[in-house]
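Here is a short briefing to read alongside the model.

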Amino acid sequence: MKPVFIEGIGIIFTRGRGLNKFEQALKDGWDEPTVSADGRKAYRVPKDALIDYNILKKVRRSDRFSRLAVFAACDAIHDSDLDIADLDQSSIGIIIATAFGPHATIFKVLDDIIDYGEKKVSPTTFANSIHNAAASYVASALGCTGPVMTTTQFYFSFQQALLLASSWLNEGRLKKVLVGIVDECSPAMEYICEEKLSVAHNGKMSPLSCLKRPKFVPGEGSAFFLVSQDSRKKKYGAFTEIDITGNSHGWTDVDLSIIGTNAMGGSEEVYKDILNKGIPVAAYSSIYGGFMTGNAFECAAAALMLKNQTQYASPNVDRTELWNVADKSKERELNQIQCISHNNTQKLVFIKMTK
Amino acid sequence: MKIYVTGLGLISAAGENEKETLTSFESGKRRAGPVSLFSTQIQSPAYEAKGFSRHYFPEQLRTLNLCLAATEDALDDASLKEEIRGKRIGVAMGTTVGSVLNDINFNMEFRDKGSAPMDSVNLYLEGNLSSGIHSFLQTEGPSITVVNACVSGANAIGVAMSWLRSGLCDIAIAGGADELNKVPFCGFGALGILSDSLCSPFDLNRKGLNLGEGAGVLLLESEQSMERRKKKPRAIMRGYDFSNDAHHLTSPDPSGAGLERATTGALIDARLEPDAISFINAHGTATIDNDLVEARVLHNLFGSTIAFLSTKGYIGHTLGAAGALEAGFCILALEQGWIPGCAGFKKLDPNIPIAPVTQKTQIEGHFALSTSMGFGGCDAALVIEFPE
Amino acid sequence: MNSSHENELTEIRQKVKQLLVSNLGQLEMLGPSEIKDDVALFGEGLGLDSLDALEIVVLLKKHFKIEIKDMNEGREVFATVDSLSRFIQMNAPKDGN
């Protein structure tokens, strides 16, 4: 594929809003998750990170899910130094991938039906419960009149969205694409995770454990990348390959492999055969929590490492005998990194990123 | 690069196959009635796919079942039944209901007791359209579920076109599906856009939309793949574009700039002038705002004599399926040489500059346009060619 | 006009403001005391739009058991907090909350 250069990144996660907070988190390593009212542990985005009147006044009706996306998307544009006003606003496209969509708001619609009856549903709540409401708010906040699309899948949502962004750029349909993910962890989602997965009650997600049911702490957040095929605008390296075939063993010419461990795909055993022992392995989801679109966070981590030429230590890996773990933070020559993720049928999907 | 349509699968209230659909169109029959799929206090006729009973997945996954049934029909039509496992085939499907965990009982139990059975969650996790079809058919290739509200079906076809043009796959299964479901039924009611009588697109007395359900699936193929299989095309996907109003969450931009951009973009993509278009299958939901904005844009771009209609009077608003079903109807019309009358339209709104066709109308020429508009300010347009 | 009538109206105004603030977005940052009784809710003023009007219709149903059948009637009623509150006082069923 033609390289897709990263011009800007925006991110919001449990330690707040902004790429510098994410960079600091990668340096600092693991921290305690948040604890909800009913005692469940999760990496939730703090309330104060979701207040910014300058942005919110453009999207006053937005729900929490949409706000996560709007802030990360606006920050990606801001990070790129692109002035949207200078640009033909229809030459920039937006793709937002999500696994569970605005499910907390959907539950509010159901609450209305249960509590007040079918004819007393809040129209605003219903409008916010539609999957593409967040994208609509992002388009409004940025004034983007180009193609705006929301996609949803449980596995590999971000990878498929990135592949589509690359297709749009290849076709010459657009000059730039803002591609990202958003997912929210509501009380219902925390409960579902607890029922279906093995939540780490000590709050310590330990990736690469190869347990059948990996210990897991749910997370949430949003991350966006402003990408183009214009190498001059490159700020963080590029996405150079995306392999979604499921038959691939990845690449051997990379300097680091980042594994997306979200527990929903089950054991990481599947990586043991394909990972070259010479190439260090890292997993960072114990920092921001596990969620199905979290692969975008791994790519953000890779982009930062390629830019800073610094490897950040992979936190909380207990079974160091199984892997060549990137267990120390250090300056290092990093030319290429692959981000790998797996699903519940042990299918692997790869993204290669280059300096 | 030309992208060919070699198979079609169409399921809606108008019919479970092409023949039934054409019969409904020809006779002007409107198969709407009171909702039978769930109990409701809201009075609004619905276009249900009555009699649909093809269950590949649990019955509760009605959207996925509709989608897979239409997919199987499209594969049959394209003579692609047996040879697809492991092939580089993309799957792009649009939906709204198929993407949400909206089980009322789950929600009620969870909030009352703090716990609830996982059955509906498990079903939901199984019900993603593209993933479900991808794994059922065991195809390899890109896969995306588009959730762009009422434009999803058209967008999914557009995604497949992008993949084929970029060489990511040789064949793509693209379309959309939605079931009639209580939650959007209540939601559209809350937005004040459900009509309590049969919908009347572009009519002076239009009162809103009727919801429908169904699935439309197109089998898209590269020239190389089609020639290798010695298959004749039914149509060519000639152009596509889409845009966003960046105006309002639920209302269309009154200027219609977004739809105009998408339509002009699709014509440029198709390398055609507006006068090449024989007819338009408009979005025409029969809401006050949609029809007003849409008709004005069509008038601006195509003049006052363009033949157009909305097929929503036959199938209702099928949400995520609409754009794909309507693209399929364009192909039927190009093949048959006629479009049906715009069911429900009687009297022109003086604010609307052009009138849709009121009866079965012969068409000449090779090119059709299908427009879609939707929630969140989405607009999309597809240009479809009938091959010589 | 007796004082209990006036007290009731003051209470309704307060409740209306609270409902608007917590259901129409952005206004949540203003706080109920910031909305003046006579400021225009739509257009210039608070800048509410058609979706907010629909929301107010539902709020009236939910919290005051009042049905607005005709949105043209709504237009005058929804002009300000004061007009809306007076309408509620006139039309809410006596056993309503």
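**Helix α2 of chain C**

Helix α2 of chain C has 15 residues, 50–64, which at 1.5 Å a residue should span 21 Å; its end C-alpha atoms are 21 Å apart, so the two agree. The expected span is 1.5 Å times one less than the number of residues. Helices (H or I, at least four residues) and strands (E, at least two) are DSSP runs, numbered from the N terminus.

This is a predicted model: local features need pLDDT of at least 70, side-chain atom pairs count only at pLDDT 80 or more, and totals for chains, interfaces and linings use all residues. Residues are numbered from 1 along each chain as its sequence is written, while chains are lettered from A and ligands numbered from 1 in the order in which they are written.

- Buried residues of α2(C) include C:L51, C:L54, C:I56, C:V57 and C:F64. Buried means 20 or more other C-beta atoms within 10 Å of the residue's own; exposed means 12 or fewer, and partly exposed lies in between, with C-beta atoms placed from the backbone.
- C:D52 and C:E55 are also among the buried residues of α2(C).
- Within chain C, the buried residues of α2(C) pack against α1 (3–23), α3 (71–77) and α4 (81–91). They also pack against α5 (123–128) of chain A and α7 (182–190) of chain B.

**Chain B with chain A**

- Contact joins 53 residues of chain B to 54 residues of chain A. Contact means C-beta atoms, placed from the backbone, within 7 Å.
- α6(B) gives the most to the side of chain B that touches chain A: 6 residues.
- That side of chain B has 26 nonpolar, 24 polar and 3 charged residues. Ala, Val, Leu, Ile, Met, Phe, Trp, Tyr, Cys and Pro count as nonpolar, Asp, Glu, Lys and Arg as charged, and the others, Gly among them, as polar.

**Chain A with chain C**

- This contact takes 11 residues from chain A and 10 residues from chain C.
- On the side of chain A that touches chain C, α2 (53–56) and α5 of chain A give two or more residues each. α5(A) gives the most, with 3 residues.
- The residues of that side divide into 5 nonpolar, 2 polar and 4 charged.

**Strand β12 of chain A**

- β12(A) pairs with β16(A), residues 336–342, in the parallel sense over 5 bridges. Pairing requires at least two DSSP bridges between the strands.
- A:S257 has A:Q338 as its bridge partner in β16(A).
- β13(A), residues 281–282, runs parallel to β12(A) and is joined to it by 2 bridges. A:A282 of β13(A) stands opposite A:I258.

Key. Contact = placed C-beta atoms within 7 Å.
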